[in-house]
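This report describes a single protein chain, going from local contacts to helices, cores, salt bridges and confidence.

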Amino acid sequence: MRLSCRMGASLLLAALGPWGRVAFSAQPIENPVLLPEFAVNVSVELGGEEVSLAEAIHSTASDSRLIAYQELREAHGGSVQGQHQLALWCRRNRLADEERSHWRILLDMRPGHPEAVRGLGQREYQGMLLSPEEIQQAKLAKRSERAWRPKLKRIKRAIERGNDQDRSAALREMQAIDDPHALSVIEEVFSGGDADLGLLLVEMMAGVAEQQGVDALVRLAIHSESQKVRRRAVHELKYHQSDSYLTPLMMSLAAPIEVSEHVTVKRGGVSLTRIRASSPLTAFIDAPRLLDSQASVGSGLVSTWQSFGGNPAVEVREHHMRKPLPDQNTYNYTLQAESPDPRHPYEYTGFLTSTSPRGTGIAGSSKLQRSIAMLKDKIIQANSRSTELNQWIDEALRQLTGVDVHPSFAVGEGQEKSDIQPHLWWRWWRKHAWPKDYFAAGVEVWTQSGLEPIETVSVGDRVLARDSQTEKLSFLQVVGVDIQPQENLVFITAGLRTIVTTQDQELLAEGGGWTAAGKLTDAESLATLGGPLAITTISQDRFDKTYRLILSDNDDLIIGRQGIVSRSAARHQ
């Protein structure tokens with residue numbers, strides 16, 4: 001969305017094509033720019049009212065605030081200071097959603113920025129930025145957890161040590177718990193017990209329909225020391241939607257941590273300080289003796305006698321104090337590990353420092369050597385624990401997905417794979433579970449200013465989307481733009497335009513419902529805002545870069561001049 005005050009009308013015409021002229025009129029308008037006919041007939045929610053799509057575009061094109069905002073964002077949106085000023089400008093001009101968008105961007109660019117935190121109505125609470133309502137809920141949950149902890153410990157003791165009657169009563173009491181705040185305490189208290197308690201915990205968490213129960217089952221499936229408990233938790237996970245447990249399982253896989261190191265030594269020397277002290281002979285203080293007592297190396301002393309005019313003779317003493325300077329040692333290290341996103345590996349950089357006697361370097365600092373050894377020992381322990389967890393996660397994933405990404409490993413009965421490769425699971429996950437609603441550069445989307453190529457849309461813009469439940473249209477704010485290289489894209493020509501998208505992107509087919517772009521044929525028609533649109537040709541080719549707009553809600557994006565409905569990947573998952 002790039003309009004200027006001087007060229008707003010001409011740019012709007014350029015964006016919408018040579019179909020007519022903008023009619024900037026105070027009277028009701030039928031078609032301000034010769035848009036497709038459906039633009040007059042299709043209703044859009046704007047400012048709490050329903051207006052035609054054509055009126056909505058005209059309203060934005062003539063709104064001086066939005067025109068100025070677009071100019072300012074284009075000129076200053078790339079810096080921290082620019083985002084700060086844009087947020088304040090939006091506040092003054094009552095653009096509340098746009099203001100929040102810039103505060104969020106500023107917080108991403110400068111974590112903890114105090115004014116951005118205040119602008120979003122958040123406060124820091126236990127290391128997190130939360131709204132006042134969320135803080136209140138967190139405090140309520142903490143109070144409830146404190147109340148439940150002693151009760152649950154009592155129930156656990158009755159189950160483990162009580163007689164049959166006490167045990168039965170405790171089990172009934174536990175099964176009757178329906179307070180969601182008790183779940184985390186139940187997991188805390190009952191985890192780490194014997195297999196029977198673990199199975200009881202699995203049974204309880206399986207009865208929790210919310211994501212909190214799924215997350216607890218995932219933790220039991222990969223952290224329980226009992227294989228029986230792990231397998232039972234995996235069994236219960238099968239009754240949930242795959243996207244609810246795949247993400248935490250995949251994020252729990254850990255590639256080996258690798259360390260790269262670099263040592264710098266700043267050699268020490270000798271500090272030589274020259275001090276001049278003078279005093280009349282009648283009031284002489286033995287300053288050199290005092291100075292000598294502070295020097296760690298021998299010092300030199302030069303005394304001279306001076307007489308200034310008629311003044312008494314003055315003794316001037318020049319003292320050289322020598323002090324040894326130690327070596328300054330710095331151990332710089334970088335910890336790296338693969339992540340699910342190959343573009344952004346996990347990385348942490350740190351350093352350790354010490355001093356040592358001059359000329360000895362790092363070998364002369366036993367304290368630094370111990371710190372380095374402790375660091376490397378922690379890395380070895382973390383990698384060892386990750387290897388064990390990866391085996392358990394691999395077992396869970398194979399049971400849940402029916403897929404084995406390590407087909408070359410021959411594993412006998414009762415044996416476990418010893419070398420699980422997380423990147424193979426992550427690669428499978430990216431292919432099968434990551435969002436697929438990407439479009440190539442040049443594909444147009446409907447903004448409040450008209451049609452714009454998807455690659456020109458920025459965070460804060462609003463694009464036309466359709467509510468997946470009510471099918472009502474509205475302009476939703478773009479809260480993120482994801483750019484990914486893609487291969488084997490689908491080229492769909494319908495009417496006079498070609499849509500380029502990914503194989504799995506679902507489009508609404510006339511009479512056929514949602515259909516993946518890669519499965520469409522030239523015998524089908526697409527359902528659009530203007531009615532059925534026949535597909536004339538379909539082909540596949542390679543394209544370098546694609547774009548995905550992340551909207552403030554999971555509504556379906558409207559693309560192309562024809563108003564094609566594309567399904568939100570978030571809702572599909």
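Gln 503 is partly exposed, with a relative accessible area of 25%; buried means under 20% relative accessible area, exposed over 50%, and partly exposed in between, using a 1.4 Å probe and protein chains only. The model is predicted: local features need pLDDT of at least 70, side-chain atom pairs count only at pLDDT 80 or more, and totals for chains, interfaces and linings use all residues. Residues are numbered from 1 along each chain as its sequence is written, and side-chain values use heavy atoms, with hydrogens and water left out.

Gln 503 sits in the loop between strand 16 (497-501) and strand 17 (506-509). Helices (H or I, at least four residues) and strands (E, at least two) are DSSP runs, numbered from the N terminus. Asn 488 is 15 residues from Gln 503 in sequence, and their C-alpha atoms are 7.3 Å apart. The side chain of Gln 503 reaches the backbone oxygen of Asn 488 at 2.8 Å. This is a polar contact, that is, a pair of N or O atoms within 3.5 Å; within protein, one must be able to donate a hydrogen and the other to accept it, and residues adjacent in sequence count only if both atoms are side-chain atoms. Neighbours within four places in sequence aside, Gln 503 is in contact (heavy atoms within 4.5 Å) with Asn 488, Val 490, Ala 516, Ala 517, Gly 518 and Gln 540.

Ser 339 belongs to the loop between strand 9 (327-337) and strand 10 (346-356). At 7% relative accessibility, Ser 339 counts as buried. Its side chain reaches the backbone oxygen of Asp 341 at 2.8 Å and that of His 344 at 2.6 Å. Beyond four places in sequence, the contacts of Ser 339 are with His 344, Pro 345, Tyr 346 and Trp 426.

Seven of the nine residues of helix 10 (182-190) are buried: Ala 182, Leu 183, Val 185, Ile 186, Glu 187, Val 189 and Phe 190. Their cover includes helix 8 (132-161), helix 9 (164-175), helix 11 and helix 12. Gly 192, with a positive phi near 85 degrees, follows helix 10.

In helix 13 (227-237), the buried residues are Val 229, Arg 230, Ala 233, Val 234, Glu 236 and Leu 237. They lie on the same side of helix 13 because they cover an arc of only 160 degrees around the axis, taken from the directions from the helix axis to the C-beta atoms. They pack against helix 11 (195-206), helix 12 (211-223), helix 14 (242-252) and helix 16 (366-401). At the N-terminal end, Ser 226 caps helix 13, with a side-chain oxygen 3.3 Å from the backbone nitrogen of Lys 228.

## Nonpolar cores

A nonpolar core is a set of buried Ala, Val, Leu, Ile, Met, Phe, Trp, Tyr and Cys residues joined through side-chain atoms within 4.5 Å. The largest has 48 residues, of which Leu 152, Met 174, Ile 186, Phe 190 and Met 250 touch the most other members. Helix 12 gives the most to this core, with seven residues. Apart from it lies another core of 24 residues, including Leu 476, Ile 499, Leu 520 and Leu 557.

## Salt bridges

There are 17 salt bridges, each a side-chain nitrogen of Lys or Arg within 4 Å of a carboxyl oxygen of Asp or Glu.

| Pair | Closest N and O atoms |
|---|---|
| Asp 63 and Arg 65 | 3.6 Å |
| Arg 267 and Asp 327 | 3.1 Å |
| Arg 567 and Glu 506 | 2.7 Å |

Arg 567 and Glu 506 are both buried. By contrast, Arg 267 counts as exposed at 53% relative accessibility, whereas Asp 327 counts as buried at 0%. Asp 97, Glu 98 and Arg 462 are linked in a network of salt bridges.

## Confidence

The mean pLDDT (the predictor's confidence in each residue, from 0 to 100) of the protein chain is 81, and 82% of its residues reach 70 or more. Confidence is lowest in helix 1 (residues 8-16), at a mean of 35, and highest in helix 13, at 94. Over residues 281-311 pLDDT stays under 50, and the model has 51 contacts beyond four places in sequence for them. Residues 409-416 also stay under 50, with seven such contacts.
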